[in-house]
Amino acid sequence: MGQSNAETQATACPASGGSLFDLAGSSLTQPEIQAHPNAFYQAMRREDPVHYDEKLGMWLVSRYEDIVTVLRDPLTYSDKHGYAAQYASGFFAEFKEILEREGGGFFPDVIKDDPPAHTRVRRLLEKAFTAHRVASLEPGITTIIAGFVEKLADQAAGGRVVDGVNDFAIPLTISVICEQLGLSHFSADKIKGWSAAVTAQIGRMQNREQMIDNARQICELQNFIIEQMKQREAAPREDMISDLVHAHTDDGGKLSFAEAVSLIRALIIAGNDTTATAIGNLLFILATRPEVAKALQGSAADDRLLNRFVEELLRVAPPVRGLAKMTTREVELGGRKLPEHAHLLVLYASGNDDETHFTCPREVDLNRGNLSSHVAFGVGIHRCVGASLARMEIKVAAREIVKRLGQIRLAVPVEQIRYLPTVATHSIQSLPLTLSRRQ
Amino acid sequence: MAALKVTYIQLDGIEKTIEAEPGQSLMTIARDNMVAGILGDCGGCCSCATCHVYVEPEWLERVGAADEVESSTLDMVSDAHRGNSRLCCQITLRAELDGVRVAVAPSE
């Protein structure tokens, strides 16, 4: 199936013996490793679990157990400082200046704060994303997603090649989050550009020219958000932006203007980017693992099985590869002594691939007893607040795809699939497919 | 209103009996009182299954069963899921549960 040696090796189960991977000569900044990282992860887990990547200037945390240790101790491993050091890395002062000059201000991400400041805002968002509230949204979201699947089938008529990421996954997730936020008139292309610009700030791969272009896009996004907030300050509506503009936190206070802008920005971006990546991965797996597609096609009405499939999809192909933390004191992790202010990249994707925690980690196994212990959504106080919504969107997408579409095939050899250049996520850039309606 | 009692049986066998006001969830009470093994990552959204408990049999009827949404979250921890499993963020302390006993389920 054209897998790289690494992927084939990891598929051999139980995991094969010695690794031939040249860890010292490799870096996560290399596009080839970003695209096909599993052998790199495996070599780190075996040889150097908390590995210093010189080119990146970060410690890579690769083992499941160490990842959970880091995430369960937010005071030793600061999200706030790790994120700040990652953000617009190399160009931060200039980036900030552009936003202050043209984008209404520089608004730090409150979701990436440390406790206790983080807790106040987190409690507010949790109320909007309970599993029960999300369940009540399922019928409406099913209508949206079914429409996108039908449109994709129309586009693919007569054997025409469609793009599973740009024609389907991205516009679909943008539609869903805009509906939640109450944005009825939006340009999906603009939101797509804004998302890429924001996520590039933690990807570590942008040059100065790209940074300037991305900063300008983020200015446009912020000006759009501020305009939407103003409208709702004057006249509240039944939507999430109104809820945030008028929200009261548990301490009886209100969100500051800067906090509200940063939260709405986070919801627009986080609400579509990672979920779109997951839905792209869903199509990729259906196109490249016919046994999985077949199992799902026989079970479109089985909600339990679909839920389990979504968890396993997120484990095998987590959208978020790695996020940054920073040590606030000297600490030992995975046998390695780390100094204060060590900049870490926590590799969720490697944790999900850890053969000491998940038997045969490269296999899609819907009967895993420890299915939900994957770390695709993170662990601890920063665990993804929108997890229920993301899961439901992916589940509905899986259900509507297998109900409505027949065979899905890659329209190019698997080696030609390109991934976004970034250390933060593992995202297919474009997914050429042929597909037909289910007979 | 008088405080009610809840007992958590930790995995290490230690029983913690806590007095709390009604209206709070058993997850919040456990987290505020450092009951080992009750993490409540998602803050009570019923989405993470890190507040999984086994309700002691004599309390099962009064506590009640998990609804569909909670059951589907519990299904994700199938290794540890039993007939008396509940996510304690979904159990609100109320007068009829005064003295309720729950055992912390093993995490994965």
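**Conventions.** I am working from a predicted model, where local features need pLDDT of at least 70, side-chain atom pairs count only at pLDDT 80 or more, and totals for chains, interfaces and linings use all residues. Residues are numbered from 1 along each chain as its sequence is written, while chains are lettered from A and ligands numbered from 1 in the order in which they are written.

**Chain A overall.** I found 18 helices and 10 strands in chain A; these are DSSP runs numbered from the N terminus, with helices being H or I of at least four residues and strands E of at least two. The C-alpha trace spans about 55 × 55 × 40 Å along its principal axes. I checked the radius of gyration, taken over C-alpha atoms, against the globule rule of 2.2 Å times the number of residues to the power 0.38. A compact globule of 439 residues would come near 22 Å, and chain A has 21 Å, which agrees. Buried residues make up 49% of chain A, where buried means that 20 or more other C-beta atoms, placed from the backbone, lie within 10 Å of the residue's own.

**Helix 8.** I looked up the length of helix 8 (residues 131-155) of chain A: its 25 residues should span 36 Å at 1.5 Å a residue, and the end C-alpha atoms are 34 Å apart, which agrees. The expected span is 1.5 Å times one less than the number of residues. I noted a kink of about 45 degrees at Glu138(A), shortly before Pro139(A); the bend is the angle between axes fitted to the seven residues ending there and the seven starting there. Among its buried residues are Ile141(A), Ile145(A), Phe148(A) and Leu152(A). What covers the buried residues of helix 8 includes helix 9 and helix 18 of chain A, together with helix 3 of chain B.

**Where the chains touch.** I counted contacts, meaning C-beta atoms placed from the backbone and within 7 Å. Here 21 residues of chain A meet 18 residues of chain B. Helix 7, helix 8, helix 16 and helix 18 of chain A each supply at least two residues of that side of chain A.

**Helix 10.** The buried residues of helix 10 of chain A include Ile191(A) and Trp194(A). They pack against helix 9, helix 11, helix 13 and helix 14 of chain A.

Key. A residue is buried if 20 or more other C-beta atoms lie within 10 Å of its own, exposed if 12 or fewer, and partly exposed in between; C-beta atoms are placed from the backbone. Two residues are in contact if their C-beta atoms, placed from the backbone, lie within 7 Å.
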